[in-house]
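This report describes a single chain through its charged pairs, its strands, its core and its aromatic rings. The sequence and the model come before the details.

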Amino acid sequence: ELPAVGAGSPTPRLLDAQLVSGDASPSLTKIRRISIGRNSLGEAILRWTLDDRTNATETCIVVATFNGVTAPLGAVAARPGVSQYEFADRVLNAYVGKKTYRIVSVYYDGTVSMGDKHVSITKNASISLGALKWE
């Protein structure tokens, strides 16, 4: 069992987590909306709305699929009373091609739920056309 994160925090139980499909989580939390865009640096920015009235969600894990490989990119801690979240992809951002993102919810009771909503973004060039100087 992992040590507690902070005073009064429940002990994380990710090692014995169970995957539940879609909306089958006992907490009935949902990713209501997910969108993607780019910031001024050209990084993919994911934004989502988490509906978690019971505050059962501990963490949102951002999972990406690129070139047939699916892996976690990072995590955003869920906070009571907060529904809007954002994540900047600084891992796959440099690579040309299509990336598809999903949000996985990790709950305090040890269950894990991957929602059915996803977004995709494609990078067509490794150098922005604005960086090229034409004479």
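Asp51 is buried, at a relative accessible area of 14%; buried means under 20% relative accessible area, exposed over 50%, and partly exposed in between (1.4 Å probe, protein chains only). Salt bridges that share partners join Asp51 with Arg32 and Arg53 in one network. A salt bridge here is a side-chain nitrogen of Lys or Arg within 4 Å of a carboxyl oxygen of Asp or Glu. Between Arg53 and Asp51 the closest N and O atoms are 3.2 Å apart. Arg53 counts as exposed, at 74% relative accessibility.

The model is predicted: local features need pLDDT of at least 70, side-chain atom pairs count only at pLDDT 80 or more, and totals for chains, interfaces and linings use all residues. Residues are numbered from 1 along each chain as its sequence is written, and side-chain values use heavy atoms, with hydrogens and water left out.

**Salt bridges**

The structure holds four salt bridges. Side chains of opposite charge can pair when their charged atoms come close.

Strands (E, at least two residues) and helices (H or I, at least four residues) are DSSP runs, numbered from the N terminus. Glu43 counts as buried at 10% relative accessibility, whereas Arg90 counts as exposed at 61%.

Glu86 is partly exposed, with a relative accessible area of 48%, and Arg47 is partly exposed at 40%.

**Strands and their pairing**

Three strands form an open sheet in the order E2-E3-E6, with antiparallel pairing. Two strands pair if DSSP finds at least two bridges between them. The edge strands are E2 (30-38) and E6 (84-89), each of which pairs on one side only. From one strand to the next, the twist averages 20°; axes are lines fitted to C-alpha atoms, and angles run from 0 to 180 degrees between N-to-C directions.

E2 and E3 (residues 44-51) run antiparallel and are joined by eight bridges. Lys30 stands opposite Asp51 in E3, and Asp51 is the buried residue of the charged network above.

E7 and E8 also run antiparallel, joined by nine bridges. The bridge partner of Thr100 in E8 is Ser120. Three residues lie between the strands in the hairpin of E7 and E8, where Gly110 takes a positive phi near 95°.

Lys98 lies in strand E7. Leaving aside neighbours within four places in sequence, Lys98 is in contact (heavy atoms within 4.5 Å) with Thr65, Phe66, Ser120, Ile121 and Thr122. The C-alpha atoms of Lys98 and Thr65 are 8.5 Å apart in space, while the two residues are 33 apart in sequence.

**Core and aromatic pairs**

The largest nonpolar core has 20 residues. Such a core is a set of buried Ala, Val, Leu, Ile, Met, Phe, Trp, Tyr and Cys residues joined through side-chain atoms within 4.5 Å. Ile34, Leu46, Trp48, Val62, Tyr101 and Ile103 have the most contacts inside the core. The elements giving two or more residues to this core are E2, E3, E4 (57-66), E5 (69-77), E6, E7 (97-107) and E8 (111-123).

The structure holds two aromatic pairs. The rings of Trp48 and Tyr85 have centres 6.0 Å apart and planes at 20°, so this pair is stacked. Rings of Phe, Tyr and Trp (its six-membered ring) pair if their centres lie within 6.5 Å; planes under 30 degrees apart count as stacked, over 60 as edge-to-face and the rest as tilted. Trp48 is buried at 1% relative accessible area, and Tyr85 counts as buried at 5%.

The rings of Phe66 and Tyr95 have centres 6.1 Å apart and planes at 40°, so this pair is tilted. Phe66 is buried at 12% relative accessible area, whereas Tyr95 counts as partly exposed at 47%.
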